[in-house]
Amino acid sequence: MGIAAMLGTPIKRREDPRLITGQATYVDDIKMSGMLYMSVVRSPYAHARINSINTEAAKKHPGVKAVYTAADLKGVVGPVACAVPLGKIAEGMGIRGALADGKVRFYGDPLAIVIADSRYGARDARDLIDVDYEPLPVALDVEKAAQPGAPLLYEEFGTNVALSLGMQESSEEIDKVFAETLANGGVVVKERFVNQRLIPNAIETRGVVADYNKSIKKLTLWSSSQIPHILRNVVAATVGLPQHQVRVIVPEVGGGFGSKLNIYPEELLASFASMKLGHPVKWIEDRSESMAATIHGRDQVNYIEIAATREGKVTGMKIHVFGDMGSYTQLFTDVMVLAFMFPVVCGAYDIPVVHRTTDLVFTNKASTDAYRGAGRPEATYAIERAMDLVARELKMDPVELRKLNFVKSDQFPYKSATGTVYDSGNYIVAMNKALELADYKGLREEQARKRAEGKLMGIGISSYIEACGIGPKGFAPVGLYESARIRVEQSGTVVVQTGSSPHGQGEETTFAQIVSQEFGIPIEDIVVMHGDTDSTPEGRGSYGSRTTPVGGSAVFTAAQRLKEKMKLIASFMLEASPSDVTLEDGKFSVAGSPQKSVSFADVALTANLSNTLHPSIEPGLEATSFWEPTSNVFPFGTHICVVEVDKDTGKAEITRYIAVDDCGNQLNPLLVEGQIHGGITQGIGQAMYEGAIYGDDGQLLTATLMDYAMPLAADLPSYQTDSTVTPSPVNPLGVKGIGEAGTIGSTPAVANAIVDALGVAHIDMPFTSEKLWKIIHQK
Amino acid sequence: MVPAAFDYHVAQSVDEAIALMQQYGDDAKFLAGGHSLLPTMKLRLAQPTHLIDLGRIQDLSYIREVGDTVTVGAMTTYITLQRSDVIKRYFPLLPEGIAEIGDQQVRNRGTIGGSVAHSDPAADSPGMVLALKATIVARGPNGARTISADNFFLDLFATALQPGEVITEIRFAKPAAHTGSAYEKLANKASHYAVVGCAAVVTLDASGVCTAASVVITGASVKPTRASAVEAELVGKKLDEATIAAAASHAADGMEIVSDIHGSKEYRAQMATVMAKRAITRAAERA
């Protein structure tokens, strides 16, 4: 393979050898002399007043160095960060300290920590802490919690609703659309959808090592995080250290899915304890803690009304969202609905009028926040289920209904009724490819045959879009750029330092591919470094499918700057005008006379070592780019899911899954496919199996993997995947993110297939055997 | 998840294991494969202060043909049973059911004796042992005794074992000619334990009439439960679809059915019928 063909080549991930041979370093692999261990005391109640905490027995336990409660943090450790406090949150509602003070508000709420010289000792002493709780009534159901008279998490605010907001001033316009549609013989379909609560369950739970060196007053924090720089900045502010005296190192991360896009109490507590005691402090979350106290995803109730003409043209949509935030705000808890769901709630369709309102509500459950897709799966589920409801009402094929309403390829850039501007797309081409791959006509015939035999077969379509690659500029109260610093060493090898924090997405490979392509040098000569705030430029981290479109664009831009400088140096070496110098296949030459050239390595050596550089040229080869997107990017595609449901047991099986996705240019199709496979599986998990269940008293009933079901390879068919390529015009690589698309597209495809199999209007997820059995047998 | 402190004792013989158990009494637990015990210890639901490891005892892992009986040492692992030609020939129910247990790591380490002694009502082995009408050999301070499987499983995690007793062997009587068996399981998607399972063993005569039937339901109740009403409806009849369906409809008769987030009482009762019908149908086909 030629180096020039590096981009778009399906090379294997460079990360994998160390991962699959067990030579990668995770937080728990870090061992330091004098290390202490932290154990966290958590509330067994969902809502209770703390009358007293007796720590005496724990403090006397052998090996225990300290026990801390909220009282010890007062004036020393600030509150847990919320990025954009909205409504009553801006007045303090839902903001918590690192340890519960006076009250606990969810099962798993941390209220004390034990620091001991062994992990066992810390855990044993935890059981010796005696807390006098006064249990309080709980608010668990988001709709009931929003009503007057519900038990209150924050009594001083007199309500659990932090924010009630309409994106439109009044409902006059949408009411008029609905009335006109009905008057003209059209339909208005209504439904209530529950988008259930999910537990992210990264294979590696959270973990942190905090090491405060008293002599140089510097805190080093290793954390399994998606956001090293944000973590560094927030921890510094929260524990009262200057930013340059805090270093965050993110070692290998065993999955995040949004759950590590946060600043957690334990990161603050370990830092505090290390600063107090002058020893490194380690905390590794156990699985049950992770399920109870790491953020959860989704959890909302949607009321949707959608209107369409008799011919199937959608005329307007109205949606109300009850967003269940759980007990406290984490970093992005309160912006999921407004910033990530509402902008794309029209999906792939040209819907003239949309009306959106929401109530964001606190309940006695774990905080919700970003989980793979974050808002966009909720939007996609709502619109894709709604389109099927319209098709059912009009007795139309859901494919035909979608085709009729798609935004057309000549409408881009397309401004949706939500105000969101879609960068590029060609929805019908992706759909047709999926239909062909699936043999859609054949599937419908097979379904008719099976139905005649009394079998329940269903076919579900989902034509999703998503908005990713955040930024853009002006979207958030802070700049959501990404950064890259590239250094060409004197030997001609290249170091790329990125502010992104890839943790499974494979950018150590794809970023190197970008540089390899741009410089025309072998990928082996390039190393990509990330995840250390002392050695990487300020960045915003990896989430929201932003690393390649935003971070990749920064790498590309920095490479261009270096190329220009190297051309200038080469022009002196070649005695030519800089504008005539070209770089191809690792050689600088003068346009028109390729025989006269200097190599990439020659120029690198000259730039770094020569003492005869022209006085106008600064020595060295290093360039930094901070790249800030002007727009989101909008991947899209069509997924088709085929299911069969066992009438006797209600057990559903996915028999086929077809996905055609478009993420613009693909830097590495192998990695794109990997992301699609993982994403689809995670979305299937929500549809089929997953759901955090709290008992009536607020106990988490799905607190271990014995009770919380997740998809396994054995449950799934072999996916048939393909892609179309519609480049994005908003970044120099023409790429769109692909980390979340599979998850966003798959959940509604499965839901539509199940509903189709059973021939009903709607069923809430997850599609457990008993739930389907009851519907089949009308219990 | 780390367990509370405990002392670990390696028993070199059954006698030593029994003596250690006498010494430490209620504070001690026998450790077999550990795949049920260790998770509960890590969650601190169980906090024994002494573990007596049976894993080093010579000669508790074997499969022997002894006349009309096959004897299985209590510490025989699932994987050993699954691969045994003797077991495959006489008791194909076991490898079929064992394939449904946990994952490969669990099958590599888990033992049949450990599972039977633990008596998890949703586990697979107790139901199969009961369906095969096995005899459990236990030894304690007062010597050895045998307990029929029908008298062994008493309640939730409760068996006929006396304090200090350890299972040493499980004996299976070789089946009559024209005996078929099958295991059906509707698994809890998270734990892969049975929401409801059914182990069925039927024997037919030359004319296809059922002469013996053993049908056991797991997962639905507090213990693996013999579906006597189903068996009574099968014996003496030709096992056509209607007969099997009619018999299976009694699968939950008289059973104390449990309910949790993985299955309501109503669902489990109905699934007992569905699993029984499927298991009996396949068992009859194989007889």
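This is a predicted model: local features need pLDDT of at least 70, side-chain atom pairs count only at pLDDT 80 or more; totals for chains, interfaces and linings use all residues.

Residues are numbered from 1 along each chain as its sequence is written, and chains are lettered from A and ligands numbered from 1 in the order in which they are written.

Chain A has 20 helices and 28 strands; helices (H or I, at least four residues) and strands (E, at least two) are DSSP runs, numbered from the N terminus. The radius of gyration of chain A, taken over C-alpha atoms, is 28 Å, close to the 28 Å from the globule rule (2.2 Å times the number of residues to the power 0.38) for 779 residues, so chain A is as compact as a globular protein of that length. Its C-alpha trace spans about 85 × 70 × 50 Å along the principal axes. Of the 779 residues in chain A, 57% are buried. A residue is buried if 20 or more other C-beta atoms lie within 10 Å of its own, exposed if 12 or fewer, and partly exposed in between, with C-beta atoms placed from the backbone. Among contacts in chain A between residues at least 6 apart in sequence, 81% join residues at least 24 apart; two residues are in contact if their C-beta atoms, placed from the backbone, lie within 7 Å.

Strands β19 (residues 482-488) and β20 (residues 494-498) of chain A run antiparallel and are joined by 5 bridges, and A:I486 stands opposite A:V496 in β20(A).

Which part of chain A gives the most to the side that touches chain B? In this interface, 20 residues of chain A are in contact with 14 residues of chain B. Helix α4(A) gives the most to that side of chain A, with 4 residues. Helix α4 (residues 119-126) of chain A is also mostly covered, with 6 of its 8 residues buried. Among the elements covering those buried residues are β1 (36-42) and β5 (110-116) of chain A.

The largest nonpolar core holds 327 residues, of which A:M38, A:V515, B:A200, B:V202, B:A276 and B:I280 touch the most other members. Such a core is a set of buried Ala, Val, Leu, Ile, Met, Phe, Trp, Tyr and Cys residues joined through C-beta atoms within 7 Å. Leaving aside residues up to four places away in sequence, B:A276 touches several residues, including B:C198, B:A200 and B:V215.

Finally, B:G102 lies in the loop between α5 (93-98) and α6 (104-109) of chain B. This residue, B:G102, counts as partly exposed because it has 18 C-beta neighbours inside 10 Å. Although B:G102 and B:H192 are 90 residues apart in sequence, they are 6.3 Å apart in space, C-alpha to C-alpha.

Terms used: Two strands pair if DSSP finds at least two bridges between them.
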